[in-house]
Protein chains: 2
Amino acid sequence: MTIEAEPQPDPKRRSVRSQETRERILQAALKAFSESGFDGASTRQIAALAGESQGLVTYHFSTKENLWKAAVDSLFGPFIEELNARKAALAEVDIRTRLRLLLVFFVRHAANHPEQNRLMMQEAQSETPRMRYIAETYLKDQYEFACGVLREAIDAGLLPPAPHIHYFYIVVGACSRLFTATSECEYLTGDDAMSPAMIEAHAEAVANLIIR
Amino acid sequence: MTIEAEPQPDPKRRSVRSQETRERILQAALKAFSESGFDGASTRQIAALAGESQGLVTYHFSTKENLWKAAVDSLFGPFIEELNARKAALAEVDIRTRLRLLLVFFVRHAANHPEQNRLMMQEAQSETPRMRYIAETYLKDQYEFACGVLREAIDAGLLPPAPHIHYFYIVVGACSRLFTATSECEYLTGDDAMSPAMIEAHAEAVANLIIR
DNA sequence: CCCAATACTTGTCAGTTGAAAAATAAACCT
DNA sequence: AGGTTTATTTTTCAACTGACAAGTATTGGG
């Protein structure tokens with residue numbers, strides 16, 4: 001990606017307050033981009049959400065594209081780290097239990113970070129440079145990993161044989177859709193999709209449906 | 001919804017060409033709204049996509065909100081009709097076969113009309129009047145219907161017991177996610193998610209996973 | 001053939017957009 | 001304390017936004 005470094009001439013000199021401001025802008029950007037898409041969100045709206053002026057957004061991130069990338073990194077970075085830790089911890093566990101725990105992990109993550117799935121859905125439908133960035137930087141490795149787990153699960157007779165690509169999107173959709181449609185869910189059933197009880201019940205339902 | 005009638009003083013006088021233009025604008029609007037969201041899509045962009053001037057959009061639909069509603073209606077209307085026909089045709093079929101055929105129907109529909117799921121995802125995350133319109137007008141009935149089918153399936157031992165709301169969003173996500181992420185899928189695997197073979201394989205995978 | 005209704009184009013409006021420049025404030029080092 | 005970087009606000013600008021008004025073209029019914 002042709003995205004330059006942000007104005008970080010000397011990190012040690014950067015005041016703590018400034019970094020916090022940056023962080024607040026990133027969180028606001030995440031919310032705005034995931035809800036309204038890249039074009040739909042405005043830098044002024046993001047700045048207002050963070051309680052800052054629009055000029056400050058330009059100061060910290062130069063361009064909207066840059067802001068988007070920084071926001072995505074701040075979201076996916078910790079996720080990948082956590083996922084890798086989980087992978088390592090589950091390396092020796094039998095495939096049935098491993099698959100179940102991974103599914104539960106994915107459901108919880110989708111619930112706790114709905115912006116991640118929303119952000120991906122906003123871009124995944126068309127061939128934008130932003131979609132390429134996410135896919136190249138974060139998704140490709142995880143898809144490979146998922147394929148490995150799926151192969152094991154199919155070999156063990158846990159899942160009916162089918163090309164991995166189908167299971168990949170089935171699982172992603174099954175784990176996350178509820179949490180990307182929280183308002184609709186509340187309107188349809190009156191339930192709060194984000195309540196801890198609901199999240200755990202969804203994890204159970206997904207795991208029990210897929211692993212039998 | 002407080003949306004007035006479009007300028008249809010005398011349908012018989014309306015030229016065929018005009019109706020075709022209207023239809024072209026609606027299709028363009030569907031594409032734009034589903035890809036960019038309500039705020040992200042502009043009436044000029046929609047007009048250009050339809051090969052018409054921006055003023056004509058205002059002429060046919062008065063406001064952007066109105067255009068959005070008309071586009072949604074043109075998409076959901078036929079879907080509901082087709083679904084009702086399918087329901088009727090399957091009324092006497094045993095629950096196992098009925099569930100399978102319904103799943104296949106949903107996968108095919110999600111593939112042939114990806115804008116429908118994209119449009120819903122754009123709105124379902126926050127409490128907009130547009131989300132209410134879709135939920136109230138189209139979703140509520142179908143959710144009730146789905147609950148009935150799910151209850152039967154659970155009673156018959158086809159599915160592990162779980163609150164219907166979870167299965168609803170699991171099924172919606174599993175059936176549609178692949179087709180709302182076609183570019184991402186192509187980038188990850190090189191496969192064309194919209195190819196007939198891929199659609200049928202996905203329907204098979206979903207049905208075989210859920211019904212065992 | 002005319003003429004009124006319909007269809008469509010063009011121009012304009014105030015308001016918003018992202019980006020950049022200019023002006024000011026705060027923080028830090030010496 | 002003074003001076004230089006860093007942080008932030010305010011101002012500015014061309015491009016774009018949705019809606020509307022004022023035209024022009026096309027249509028079909030008499």
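Two residues are in contact if their C-beta atoms, placed from the backbone, lie within 7 Å. Keep that cut-off in mind for the views below, which all come from a predicted model, where local features need pLDDT of at least 70, side-chain atom pairs count only at pLDDT 80 or more, and totals for chains, interfaces and linings use all residues. Residues are numbered from 1 along each chain as its sequence is written, while chains are lettered from A and ligands numbered from 1 in the order in which they are written.

**View 1. Chain A is built from ten helices and zero strands.** Helices (H or I, at least four residues) and strands (E, at least two) are DSSP runs, numbered from the N terminus. Read from that end, the order is α-α-α-α-α-α-α-α-α-α. The C-alpha trace of chain A spans about 55 × 40 × 35 Å along its principal axes. Of the contacts in chain A with a separation of 6 or more, 65% join residues 24 or more positions apart.

**View 2. Residues 1-10 of chain A have a pLDDT under 50.** This score is the predictor's confidence in each residue, from 0 to 100. For these residues the model has ten contacts beyond four places in sequence. Chain A as a whole averages 93, and 93% of its residues score at least 70.

**View 3. Helix α2 of chain B, residues 43-50, has B:I46, B:A47 and B:A50 as its buried residues.** These three cover an arc of only 100° around the axis, which puts them on the same side of α2(B); the arc is that of the directions from the helix axis to the C-beta atoms. What do the buried residues of α2(B) pack against? Their partners are α1 (16-40) and α3 (54-61) of chain B. After α2(B) comes B:G51, with a positive phi near 75°.

**View 4. Chains A and B meet with 50 residues of each in contact with the other.** On the side of chain B that touches chain A, two or more residues come from each of α1, α6 (114-124), α7 (129-155), α8 (164-176), α9 (182-189) and α10 (196-210) of chain B. Helix α8(B) gives the largest share, nine residues. By type, this side of chain B has 26 nonpolar, 14 polar and ten charged residues.

Technical notes:
A residue is buried if 20 or more other C-beta atoms lie within 10 Å of its own, exposed if 12 or fewer, and partly exposed in between; C-beta atoms are placed from the backbone. Ala, Val, Leu, Ile, Met, Phe, Trp, Tyr, Cys and Pro count as nonpolar, Asp, Glu, Lys and Arg as charged, and the others, Gly among them, as polar.
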